[in-house]
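Here are my notes on the two-chain model, as numbered points. Please read them with the structure open.

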Amino acid sequence: MRRIEAITIITREAESQGALLVGNIGYPSRELYAVGDRPNNFYMLGSMGLASSIGLGLALALPKRRVIAIDGDGSVLMNLGSLATIADQANENYLLVILDNGCYGSTGSQPTCTSRRSDLAAVASGAGVSEVKVATTASEVQSCMKGKGVLVIKVEIGNAEVGVIPLSPEEIMGKFMAISAPPSPSS
Amino acid sequence: MKEMSPSEAVYNGMKGAGIDFVVSVPCVNLQELIHLVDLDPKIGHVPVTREEEGVGIAAGAYMGGKRAALLMQNSGLGNSINALASLNGLYKIPLLMIISHRGGEGETIAGQVPMGRLTPKLLDVMDIPRFSPSPEEAEEIVARAWELAHGGRTPTAVLLDIEFWRSLR
């Protein structure tokens, strides 16, 4: 499965669940924007490694909202402690999706450790995440999207031909927070 | 009047500012403050594995409408710089950083000295406003540091050195 196919399914599911979606830095956010921009999407433009953390913070702040973060293998390897914190918090409203292509896809496809011995689903389980799933086909992705915890999706190497996101950081944040934290009527 | 500990002064400042979400990496000098936060049902507390992770979680919490603070030792500032610049700086996300500032007068651990010396300079070069209150000033300054963070949509830092934690009001 190509990554953009997985992102297309994730976006469709997020839309039907009314979920807030955090997109990882680089091509994953660009592909997310290309398959369908929505104000519920936060596109991470910097801070590599922190998509799972931003998603967790959102989910903890908004326990009644569904939150999904789209992360990558290289980024998760940079912030493995996040898996332990996610396990520790064990909130019901959060799903971390790791798109695992075994490489740093935005920087020239240099291989990551998951292309050889490392298994991020096993790492997530070892960190204490109670619900960990692995999907390799579109139908498996579809059936796993309602869960919590961690979902590892195996995808092919390669980026879709999509442009950069034509939004400023302020525009991304303004649109997103109008949904995630609208000003209360009293203030 | 009952004596207030330095930790209570900081905690009262956080409460006055309406802080309702805290991420923390411990320092021996933060133990009483972390305990006070843990006991407070109105503050969500997330112990994190690394300070940079805490910056990310606090950013997400802010995006969900929370007033977030990060409690850490100054060594953690070094672990957080990219996130403070390319997440908080880029998207203009406020964050109150309550920092145990080690490595100065009274320090017994040599390893604390290099980052201790660099900490104020690192904050200055990042244009992050910093405060170093006495225990008497702490409650007011902590609240003001949050107001500046919120109003300026920036991280701000309250540096609390070894001497700070030893003194009583």
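1. Start with chain B. This is a predicted model. In chain B, 6 strands make an open sheet, ordered β2-β1-β3-β4-β6-β5. The pairing is parallel. Its edges are β2 (44-47) and β5 (130-131) of chain B. Each of these edge strands pairs on one side only.

2. One strand pair of chain B can be followed down to residues. Strand β1 (residues 21-24) of chain B pairs with strand β3 (residues 68-73) of chain B. The two run in the parallel sense and share 4 bridges. Which residue of β3(B) is the bridge partner of Phe21(B)? It is Ala68(B).

3. Now the sheet of chain A. Here 6 strands form an open sheet in the order β2-β1-β3-β4-β8-β7. The pairing is parallel. From one strand to the next, the twist averages 20°.

4. β7(A) is joined to strand β8 (residues 149-154) of chain A by 4 bridges. These two strands run parallel. Within this pair, Val134(A) has Val152(A) in β8(A) as its bridge partner.

5. Helix α1 (residues 3-17) of chain A lies across β1 (20-23), β3 (67-72), β4 (94-100) and β8 of chain A. Relative to β3(A), α1 of chain A runs at about 170°.

6. One annotation deserves a check against the model. The unreviewed UniProt entry places a "transmembrane region" at residues 42-62 of chain A. In the model, that span is 52% helix and 10% strand. The C-alpha atoms at its ends lie 15 Å apart.

7. Then the contact between the chains. How many residues of chain A are in contact with chain B? There are 27, and they meet 24 residues of chain B. α3(A) gives the most, with 8 residues.

8. Last, the make-up of that side. The residues of chain A that touch chain B divide into 15 nonpolar, 11 polar and 1 charged.

How values were computed: Residues are numbered from 1 along each chain as its sequence is written. Chains are lettered from A and ligands numbered from 1 in the order in which they are written. This is a predicted model: local features need pLDDT of at least 70, side-chain atom pairs count only at pLDDT 80 or more; totals for chains, interfaces and linings use all residues. UniProt positions are given in the numbering used here, feature names are shortened, and annotations may be inferred rather than shown by experiment. Two strands pair if DSSP finds at least two bridges between them. Axes are lines fitted to C-alpha atoms, for helices over the stretch in contact, and angles run from 0 to 180 degrees between N-to-C directions. Two residues are in contact if their C-beta atoms, placed from the backbone, lie within 7 Å. Ala, Val, Leu, Ile, Met, Phe, Trp, Tyr, Cys and Pro count as nonpolar, Asp, Glu, Lys and Arg as charged, and the others, Gly among them, as polar.
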